Amino acid sequence: MRTRLLAFPAVLAAVVAVGLVAPMAGQAPRKYTAPKTPWGDPDLQGVWNDATSTPLQRPGTVGQKDVLSDEEAEEFQQSLAHDLSRDRRDGGNAADVNRAYNEHWMDSRRLKITADKRTSLIVDPPDGRIPALVAPSPERQRGQTARAGQAARFAAGLPENYTDMSWPVRCVVRTDVPPYLPTIYNNNFQIFQSPGYVTIAPEMIHSARIIPVDGRPHLNSNLKQWLGDTRGRWEGSTLVVETTNFRADEGVLFQGANPATFTITERFTRVASDAINYEFTMTDPTTWTRPWTALIPWNKVDPAEQMFEYACHEDNFDIVHFLTGARVREKNGETVSSSRPAGAREEK
Amino acid sequence: MLRRTIAFLGLAAVVAFLWLTVPPLFGQQRGAATPSFPATYRAPRAPDGHPDLNGIWQAFVTANWDLQDHEAQPGPHPELTGAYGAGPAGQSIVEGGEIPYKPEALARKKANFENRLKVDVSDDKTWHALGDPEMKCYMPGVPRATYMPFPFHIVQGTSPYILIAYEFTSATRIIRMDWKQSAPVDSWMGWSRGRWEGETLVVDVTGQREETWFDRAGNYHSDALHVVERYTPMSPYHMMYEATIEDPNVFTRPWKISFPLYRRMERNLQLLEFKCVPFTEELLFGKFRKQAAR
């Protein structure tokens, strides 16, 4: 009891006292040694936030530069914040409506670039861009074309059925499918540890990714899951997580990766008392011409700011609104080609 | 020393309490052989120094069909599915057998049961009026999550949190240990604050959404629901689970349920996904689709 009571203020003190010592991307963390759990694993416990405005891919505006000077970084951050901001009135009525999810909803951490002033979250390939796509097989091409048609109907405000909506809109999965990428809000992840397990609970949706780190084998390859099947191991102070066994549903994996050949390796390294480096490598020889890797800093959330339940399906009024709206539009003679684009949005 | 004495007295009280109350709840006849759990069982310690509840657990009662005594029953559409979907018989897990409803609340419970298979989500305001939330794949709330026919995983580390991850719809709840702050707003799985009383994890649950039910029989509560759960290890493979349920809007007095939880022992067992949203979308949303041209 006493240990726990003392531990809590200690965490607070650590958060307050920390200097900004997060190492540069790609550099091995120096001097910092992660605390250990009583059973000897590196301690990653806490609530972490991965929000940033630094884009996944390097924008053309910064040329080949991978890290910016202080002045360049300030300008880059302002430019990104302007583009992400939805509290502006420069796009006409339709744009206004589609910016209804404005700063009231946005995680303010989402408007800041990474502390190391990189121009892309991707660190490999060196150009900071997702590698070229491999031409899909005819079967996969058919699946992607069908999915694109559904997305176009939804974007036009004319979904024929709930199946035209994306899996996140349908609340089947959201940002809990790896890789974990920053989004407009709810960029929180709580890590729990117990002997033999590391458990990551993404805020959105309320799933828990319970990762065995005891060396057991993966599920048989015929048992697929929406979030795949995950195994972890420790390499020094880094938690290395491999995930396979993804379901075949089109539109769950990033960029339409092929569930039959896709694997993701994630590395979690505590590099300061208030920072984890989250690095992931995407490998899929039938989707990308080479593997690629991104690094996203996770920053510790003040313990006073608790993670809260994110319910989604339970009050998913949007599905009915989208569908009844579409039926009215049909009656008025609208079609996907006649309708104004960007009539719908992903967030909820 | 004083602390230890108090803890011992507390433990003795718990044991005496269980001794007096638990056997009849199993449905055992008085005088029959009762489960021979050692009355003084002391669980192995977790890294936090408290009884180790880590692992995958499951209830094997049929309370999800009805907390109270119930006979076997056909499924909703026996003409389509035969014995598939039929409900098993079971004995009440409610202390004393009956839930102490206020008269008007009992009428509502019966209406819930009559309407348990109906759904109408055409109006946001009456979105939750009809149908068992389980059928709609909504997070089940507490205590229902504990006795649904699905396993759950307790993650007990060293932080001031214990996580319970449930297989049903991948619901989770965080138990905040020795926590002062009360529920900031209502949620489906509620606001859980825990404390140890000797060998027992006591969890105080408030802030639950009023829309969850206790079972498929329509037993329900209001947003004034207050649940106090007690998890007490009884052997390496069993825990006793008790929940005291209080809701002055619906019941005339607090009442109690109890049943054992069993540790799942299969080698390499893990929680799998029961993501049931796709199983319920046609029921909820199918009627809003584009109709074929006539």
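Q: Let's start with a pairing in chain B: which residue is the bridge partner of B:Trp57 in β2(B)?
A: That's B:Phe152. Keep in mind that this is a predicted model.

Q: Okay, and how do β1(B) and β2(B) run, parallel or antiparallel?
A: Antiparallel, with 3 bridges joining β1(B), residues 55-59, to β2(B).

Q: What about β2(B) and β3(B), how many bridges there?
A: There are 5 bridges between β2(B) and β3(B), and these strands also run antiparallel. β3(B) covers residues 161-166. The two strands form a hairpin, with 4 residues between them.

Q: Nice. Which residue does B:Gln156 stand opposite in β3(B)?
A: B:Ile162.

Q: Which way do the residues of β2(B) point?
A: B:Phe152, B:Ile154 and B:Gln156 point one way, while B:His153 and B:Val155 point the other way. In a regular strand, side chains alternate between the two faces of the sheet.

Q: And are they buried or exposed?
A: Buried, on both sides of β2(B). Since 5 of the 5 residues in 152-156 of chain B are buried, the strand is largely enclosed by the rest of the structure.

Q: Switching to chain A: what's the average pLDDT?
A: It averages 88, and 89% of the residues score at least 70.

Q: Where does the pLDDT stay under 50?
A: Residues 1-26 of chain A are one such stretch, and the model has 30 contacts for them beyond four places in sequence. Residues 341-348 of chain A are also below 50, with 20 contacts in the model beyond near neighbours in sequence.

Notes: Residues numbered from 1 in each chain as written. Chains lettered and ligands numbered in written order. Predicted model: local features only at pLDDT ≥ 70, side-chain atom pairs only at ≥ 80, totals over all residues. Buried ≥ 20, exposed ≤ 12 C-beta atoms within 10 Å, placed from the backbone. Pairing = 2+ DSSP bridges. pLDDT = per-residue confidence, 0-100. Contact = placed C-beta atoms within 7 Å.
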